[in-house]
Each structure stands twice: as structure tokens, then as C-alpha cells.
Amino acid sequence: MYSTIQKWKENIYENVQCAMNIYIDNVLVNPDYVLDFKKGGNIFDEELALGGTPAQYIEMQLYKDKVPSNPKTIKVEYGILINYGLTVAEVNAMLVGTLNGIPVKSLSGNNTAFEMIPIGTYNVDDYTNNDDDTITIKALDNMIKFEFNYDGSELIAQKGYATLKEVAQDICSKAGVELRSYFFS
């Protein structure tokens with residue numbers, strides 16, 4: 001779980017300086033190239049289930065010539081200014097644009113003046129060419145990688161049983177994601 005620092009907590013309500021970074025295939029996108037951006041999520045499609053996990057998605061419209069063709073991943077970060085000691089050079093290093101009419105700064109590199117909160121990494125699910133030289137990208141978070149039928153028979157066959165931790169590690173390995181929790185009873 002992400003934890004904010006105290007300075008951020010003290011300044012969040014007084015400070016209106018924010019930054020949003022959107023990376024497409026690890027390349028920072030200028031906010032002026034993003035015409036529309038929506039983030040949402042589905043907790044459960046049909047029924048509440050024990051162990052169910054929400055899936056998040058983003059949908060955005062961009063100028064077609066400003067993004068790579070057939071993008072694979074999108075990373076989104078949001079940040080709040082926590083250090084008011086910015087120099088002119090640091091301010092000039094930021095890309096400044098508007099997103100849905102809201103002024104947005106986008107950091108061109110690591111900048112300790114902002115505390116960046118990772119919103120998510122998304123896998124491009126749908127890429128649509130529009131008639132007005134724009135594209136619409138729909139992307140889903142890594143939960144989409146878990147949409148497969150898991151068979152743990154190979155794991156159990158190795159020693160006749162498997163712990164919950166070993167099953168979780170095996171599922172994540174087969175889904176191609178990192179298991180970040182190692183505390184199992």
C-alpha cells in the first residue's frame with residue numbers, strides 16, 4: 001500500500017501545484033497531446049466474491065502523430081508539490097499543458113520537488129483510429145493478466161502438496177506479474 005510523507009499531508013489542502021505524468025511505452029507524453037483522459041474501475045461484474053480484486057482501466061484520446069503506433073503499456077503518476085524551492089531551470093524543465101481545461105504540469109525527469117504517487121501501469125486493450133487524426137486508447141491494469149484457468153497440478157506433483165505461498169507465486173509467475181506480498185500463514 002502506498003504511504004504518503006508528512007510534508008505532503010501538511011500541504012495537500014493548501015497547495016494547488018500538481019503534476020501528472022503519463023508514459024506510453026516508457027516515453028513521457030506532453031499533456032497537450034492528451035485530448036481526453038478517464039480513469040475508472042470495476043469492483044465486481046456479477047457478484048461479490050471472497051478474494052475478488054477490482055480491475056482498473058483508463059481511456060484516453062490523443063493526437064495520432066504524437067504517440068507510437070501500436071502502444072503496449074501506459075504508466076500514470078500523479079504528484080503534489082512539496083518543495084517550494086524550485087529554481088527557474090527546474091520550472092522550465094517541466095512540460096506544462098492542459099488536460100480537459102485544467103492546467104497540468106508534467107515532469108520531464110525525476111524531480112524531488114514533487115511527491116509522485118503511482119496510479120498504475122496499464123496494458124493497452126483497444127487502440128482505435130478516429131477520423132479526426134486522433135486515437136482512442138483503452139487500457140486495463142495487470143488484473144487482466146489473471147484471466148486464465150489455473151492448473152496447479154504440476155506444482156503439486158513436485159512434492160505432493162503446495163503451500164498457499166507457493167501457489168500464489170506460481171499463479172503470478174504464469175500471469176507474468178510480480179508477487180509483492182510474501183506473508184502467508
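What share of the 185 residues of the protein count as buried? In this predicted model, the share comes to 32%. The accessible surface is about 12,200 Å², and carbon and sulfur atoms account for 51% of that area.

The fold is built from four helices and nine strands, which follow one another along the sequence as α-β-β-β-β-β-α-β-β-β-β-α-α. Among contacts with a separation of 6 or more, 68% join residues 24 or more positions apart.

In soluble globular proteins, nonpolar side chains tend to be buried together. The largest nonpolar core here has 17 residues, and those with the most contacts inside it are Ile24, Phe37, Ile58, Met60, Leu62 and Ile74. Two or more residues of this core come from each of strand 1 (18-24), strand 3 (34-42), strand 4 (55-63), strand 5 (73-81) and strand 9 (134-141). A second, separate core has seven residues, including Leu81, Leu107, Ala113 and Phe114. Ile74, back in the largest core, shows how such a residue is surrounded: beyond its neighbours within four places in sequence, its contacts include Ile22, Ile58, Tyr122 and Ile137.

Charged side chains also pair up, with a count of four salt bridges. In one of them, Lys174 meets Asp170 at 3.4 Å, N to O. These two residues are four apart in helix 4 (residues 164-175), so about one helical turn separates them. Asp170 is buried, at 16% relative accessible area, while Lys174 is partly exposed, at 41%. Glu77 and Lys75 form another salt bridge, at 3.6 Å; here Glu77 counts as buried at 14% relative accessibility and Lys75 as partly exposed at 35%.

Technical notes: Residues are numbered from 1 along each chain as its sequence is written. This is a predicted model: local features need pLDDT of at least 70, side-chain atom pairs count only at pLDDT 80 or more; totals for chains, interfaces and linings use all residues. Side-chain values use heavy atoms; hydrogens and water are left out. A nonpolar core is a set of buried Ala, Val, Leu, Ile, Met, Phe, Trp, Tyr and Cys residues joined through side-chain atoms within 4.5 Å. Buried means under 20% relative accessible area, exposed over 50%, partly exposed in between (1.4 Å probe, protein chains only). Contact means heavy atoms within 4.5 Å. Accessible areas come from the Shrake-Rupley method with a 1.4 Å probe; for residues, only the protein chains shown count as cover.
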